[in-house]
Amino acid sequence: MIPIKDYISPLELIELLKPKIKKELNQTDPKNRDDLEHEIILKILEGLKTKKFQRIPTFFELLEKERHQE
Amino acid sequence: MVDTQFKNPLLKAFLDELEHLELYQQYCKSPNEWLKKLIDERFMQFYIRIRAISYFSKIIYFTARHFDMERRKYEKRYVLTLDGSSSDGNGSKKEGTSTLKELIVDESATVHFPDKLNDELNQYIQHPLLYKAVQSLNKRQQQILFLAYVLNISDTEISKKLNVTQQAISKSKNNALAKVRRLINA
């Protein structure tokens, strides 16, 4: 298990997700957009704290797999 | 040259970055543990970002849906809230629509909006010909036109205000309009 927070800082993550957040904000009323943005960022930070990924394959494992397929 | 044409989209994207490609080429020329570890580490950094973006994109999507659902539930339960749109439903997503709270009467106001209106009909006319025509009407006709077209009051209400019958108002209004029309066309 790999906790994401060891690899990405909260600020970087939010910066990466900016375009997606902007897009989702458009689907609600203009007067509710600020509220929704805060809600989303809160959820992202919560997720960052707890989410762990299953094993991630290494570069050379993928390389091996690719070679086998050929 | 080292073969870097991979089918796997992940490997391809990873090696699209020049820094990664150089590391990999270096490794192919002289494989050693230290380089291998470095590449693995870089790949992890790279891959975990992709995974994180896809994971959090879903979270953002569902948070937005959930937020709207809650908002609608709230609006349905608390119908008396003044933040709602004053025009029922249609166009509520447009920007700049007024909300109910903007229509509340200011109890402490000393001057009411109708009082602010100028009660001279000719103050509202821009066209010089029309202005001249209206000037030639008598005071009473001007007053009736003012009530009917500036304040938007019905004939019946005007008649109550001036203590005459509705028919009389209607008649003098039509006379006034006919006279104005004649003077403009002349």
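1. Among contacts in chain B between residues at least 6 apart in sequence, what percentage join residues at least 24 apart? In this predicted model, the share is 34%.

2. Chain B consists of 186 residues, of which 12% are buried. Eight helices and zero strands are assigned to chain B, and the order along the sequence is accordingly α-α-α-α-α-α-α-α.

3. Chain A has 70 residues, and 11% of these count as buried. Three helices and two strands are assigned to chain A. Along the sequence they follow the pattern β-α-α-β-α.

4. The contact between the chains involves 29 residues of chain A and 30 residues of chain B. On the side of chain A that touches chain B, the elements giving two or more residues are α1 (10-25), α2 (33-50) and α3 (59-69) of chain A. By class, the residues on that side of chain A divide into 17 nonpolar, five polar and seven charged.

5. Helix α2(A) packs with helix α3 (residues 33-77) of chain B at an angle of about 140 degrees, and the axes are 10 Å apart. Angles over 145 degrees count as roughly antiparallel, so this value makes α2(A) oblique to α3(B). The crossing of α2(A) past α3(B) is right-handed.

6. The residues that form this helix pair can be listed by chain. The contact of α2(A) with α3(B) comprises eight nonpolar, two polar and two charged residues.

7. Within chain B, helix α7 (residues 155-162) and helix α8 (residues 166-185) pack with their axes 8 Å apart and at an angle of about 110 degrees. The range from 65 to 115 degrees counts as roughly perpendicular, and α7(B) and α8(B) are therefore roughly perpendicular to each other. Helix α7(B) contributes Asp155(B), Thr156(B), Ile158(B) and Ser159(B) to the contact, while α8(B) contributes Gln166(B), Ala168(B), Ile169(B) and Ser170(B). In terms of class, the contact of α7(B) with α8(B) has three nonpolar, four polar and one charged residues.

8. Which residues form the largest nonpolar core? This core has 11 residues, namely Leu121(B), Ala133(B), Val134(B), Leu137(B), Ile144(B), Phe146(B), Leu147(B), Ala148(B), Ile158(B), Ile169(B) and Ala176(B). At least two residues of the core come from each of α5 (128-135), α6 (139-150) and α8 of chain B. The greatest contribution is that of α6(B), with four residues.

9. Ile169(B) is a member of the largest nonpolar core and also takes part in the contact of α7(B) with α8(B). Leaving aside residues up to four places away in sequence, Ile169(B) touches Ile144(B), Asp155(B), Ile158(B), Ser159(B) and Val164(B). Of these, Ile144(B) and Ile158(B) are listed in the largest nonpolar core.

10. A second, separate core has 10 residues, including Leu13(A), Ile44(A), Ile60(B) and Ala64(B).

How values were computed
Residues numbered from 1 in each chain as written. Chains lettered and ligands numbered in written order. Predicted model: local features only at pLDDT ≥ 70, side-chain atom pairs only at ≥ 80, totals over all residues. Contact = placed C-beta atoms within 7 Å. Nonpolar A, V, L, I, M, F, W, Y, C, P; charged D, E, K, R; others polar. Buried ≥ 20, exposed ≤ 12 C-beta atoms within 10 Å, placed from the backbone. Axes fitted to C-alpha atoms, helices over the stretch in contact; angles between N-to-C directions. Parallel < 35°, antiparallel > 145°, perpendicular 65-115°, else oblique. Core = buried A, V, L, I, M, F, W, Y, C linked by C-beta atoms within 7 Å. Left-handed = near helix turned anticlockwise from the far one by under 90°.
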